[in-house]
Amino acid sequence: MTLKEISIRNLIRRKGKAAFVLTGLVIGVTTVVAIISFVEAMTSDINHKLEKYGANILIVPKTENLTLSYGGLSLGGVSFEMEEIQETELTRVEAIKNARNIAALGPLVLGVIQVNGHRVLMAGVNFKVSGILKPWWRVQGELPDENGVLLGTEAARILNLKRGEALAVGEKTLRVTGIIEPTGSQDDQLAFARLATAQALFNKNGRVSMAEVAALCKDCPIEEMVRQISEALPGAKVMAIQQVVKGRMEALAQFKKFSFGISGVIMLIGSLVVLVTMMGSVRERTDEIGIFRAIGFRRGHVMKIIFLEAGIVSGLAGFIGYFLGLGVAKVAIEFFSESHSISVPFDIQLAAASLGVALLVGLLSSAYPALMAARLDPNEALRAL
Amino acid sequence: MSYIVAENLVKKYGNGNATVTAIGGISFKIEAGEFIGVMGESGAGKSTLLSVVGAMNAPTSGSLRVDEIDVYSLSREQRADFRREFLGFIFQSFHLVPYLTVLENVMLPLAIIKAGKHKKRDLAEQALSQVGLLGKAHRLPNQISGGEKERVAIARSIVNEPPVLLADEPTGNLDSKTSSEIMNLLQSLNEQGMTIIMVTHSHESAKYAQRILQVSDGVLVGKN
């Protein structure tokens with residue numbers, strides 16, 4: 001017979017009360033785990049989607065001119081008298097501290113070409129990274145070689161060009177290798193050629209108009225990436241395209257705060273359930289505790305019995321609550337999210353934390369009842385019967 | 001020097017006009033191995049006296065020495081240790097823990113001592129064997145009779161071999177035949193050298209005692 005055995009026997013005997021405490025704590029832990037798992041899974045999903053958004057940082061030359069276009073309308077035409085970035089300078093971006101977070105770096109040279117009497121904006125790009133920078137592109141045909149050109153759907157319609165047809169740009173003839181399906185973006189109105197081809201056409205060898213960066217900022221704030229690139233390229237202006245993601249992240253952060261608040265309230269209710277039940281249990285066991293004290297149990301022994309009971313129930317609640325919370329999070333994600341790719345993985349840290357929180361709440365809530373039990377005067381306890 | 005020495009024990013409850021004197025100055029000496037009966041009418045202060053001697057109820061004044069230890073100069077926790085080492089308690093209403101088996105109830109005082117599981121079990125079985133209940137070791141208290149519960153209580157009180165046994169109306173809830181068996185058991189323990197102080201109303205039970213302390217209105221009115 002040990003104190004632990006006494007605790008276990010008492011729990012078995014008072015199954016109803018033990019189940020009540022267990023349920024209270026399980027509900028609390030389940031809610032907290034479900035909320036945290038749900039928020040973490042959603043955050044992870046958004047971070048994952050960040051990659052699909054393509055370029056999220058723009059590097060452009062510093063200029064003193066103000067933009068004369070708004071919402072797709074350009075007033076005063078397109079000015080190409082802007083400064084340019086030396087292509088070699090861009091290699092410095094690959095040496096920044098968070099270089100491992102850069103999925104793709106795409107230099108881009110812009111220029112205007114005359115085709116069939118129409119002025120068309122041509123972009124020279126690196127098609128090797130276009131899959132990362134422009135993941136929404138669906139090309140009918142092939143990516144161009146050094147003598148090829150890819151047309152946006154609007155550009156193809158206005159220029160009346162089809163796949164395989166040729167167009168003359170100055171002295172060079174380029175063949176249309178593919179048409180980009182409508183994207184709803186400015187890309188629909190552009191002609192895309194290889195970077196080197198465009199640089200040669202515009203006589204801008206070794207120079208680029210801008211660069212796009214796809215940064216995977218799961219573990220780093222995008223502002224930090226922008227700062228690092230700005231430091232590497234002091235002559236360039238570095239901007240983050242993050243409104244959409246930031247908006248979603250902010251909404252998620254607010255939901256996170258709200259959820260943690262709710263979790264706190266639920267855990268508080270759970271702890272009150274433990275407190276009230278344990279107090280009742282101690283009152284019911286006055287005689288028993290009186291006997292313990294009469295036969296020589298110290299206060300510490302009595303407290304240990306109560307804490308062991310609370311610890312066993314709380315530990316069990318933490319364990320059950322974690323797995324139940326995971327299940328609830330999975331169901332909630334299926335119910336609330338349109339994405340089918342979100343997973344809720346087993347998280348050892350969260351499992352340990354839920355066990356720790358359950359134990360902490362259980363033990364803290366049992367502290368007063370345990371103290372009350374330990375302070376019972378054996379003579380008073382036995383005389384009261 | 002006597003084994004138990006009580007000097008002018010006074011126990012009062014309440015304050016001011018509401019003060020009730022449960023014990024009004026009791027002194028006595030008990031030698032090791034004696035069997036003492038404490039008798040008196042209801043409310044005379046017998047049980048209060050027993051609780052004071054049992055190191056559970058600090059007297060308002062006076063002193064109690066057991067084996068030359070000034071019991072009430074000890075701290076509460078030291079008194080708990082003292083009870084564990086020196087005293088065995090038998091209560092009128094048995095006070096068995098209902099969710100523990102007979103064997104486990106007997107092992108209860110051993111739960112807080114450092115000894116191996118087998119050693120504890122052996123000691124508990126020995127105690128149960130002494131009271132003739134080894135065959136019912138695995139029953140729960142609600143599966144045995146009143147007399148058997150009293151035997152379990154006795155086994156629990158002697159399992160750690162305390163030198164002093166305090167019994168509060170040990171036959172109060174038992175029929176005469178079972179009472180007689182219990183008293184024979186206590187006598188046998190006394191013959192083995194255990195000092196017994198027993199509070200009782202029963203003159204039959206009191207016959208087993210070597211000496212009677214007669215209490216009335218909180219004071220000793222007679223010693224046999």
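In this predicted model, 23 residues of chain B are in contact with 22 residues of chain A. On the chain B side, two elements give two or more residues each: α2 (76-86) and α3 (102-107) of chain B. The most comes from α2(B), with five residues. By class, the residues on this side of chain B comprise 13 nonpolar, four polar and six charged.

Chain B also holds an open sheet of four strands. The strand order is β2-β1-β4-β5, and the pairing is antiparallel. The edges are formed by β2 (20-30) and β5 (69-70) of chain B, each of which pairs on one side only. Within the sheet, strand β1 (residues 4-13) of chain B is joined to strand β4 (residues 61-66) of chain B by five bridges, in the antiparallel sense. Here B:V10 lies opposite B:S61 in β4(B). Helix α1 (residues 46-53) of chain B packs on the sheet. This helix touches β1, β2 and β4 of chain B, and its direction makes about 60 degrees with that of β2(B).

Helix α5 (residues 146-158) of chain B packs against helix α6 (residues 176-191) of chain B at an angle of about 15 degrees. Their axes are 10 Å apart. Angles under 35 degrees count as roughly parallel, so α5(B) and α6(B) are roughly parallel to each other. The crossing of α5(B) past α6(B) is right-handed. From α5(B), the residues B:G146, B:G147, B:E150, B:I154 and B:I158 take part. They meet B:T178, B:E181, B:I182, B:L185 and B:L189 in α6(B). This contact has five nonpolar, three polar and two charged residues.

Key. Residues are numbered from 1 along each chain as its sequence is written. Chains are lettered from A and ligands numbered from 1 in the order in which they are written. This is a predicted model: local features need pLDDT of at least 70, side-chain atom pairs count only at pLDDT 80 or more; totals for chains, interfaces and linings use all residues. Two residues are in contact if their C-beta atoms, placed from the backbone, lie within 7 Å. Ala, Val, Leu, Ile, Met, Phe, Trp, Tyr, Cys and Pro count as nonpolar, Asp, Glu, Lys and Arg as charged, and the others, Gly among them, as polar. Two strands pair if DSSP finds at least two bridges between them. Axes are lines fitted to C-alpha atoms, for helices over the stretch in contact, and angles run from 0 to 180 degrees between N-to-C directions. Angles under 35 degrees count as roughly parallel, over 145 as roughly antiparallel, 65 to 115 as roughly perpendicular and the rest as oblique. A crossing is left-handed if the near helix is turned anticlockwise from the far one by less than a right angle, and right-handed if clockwise.
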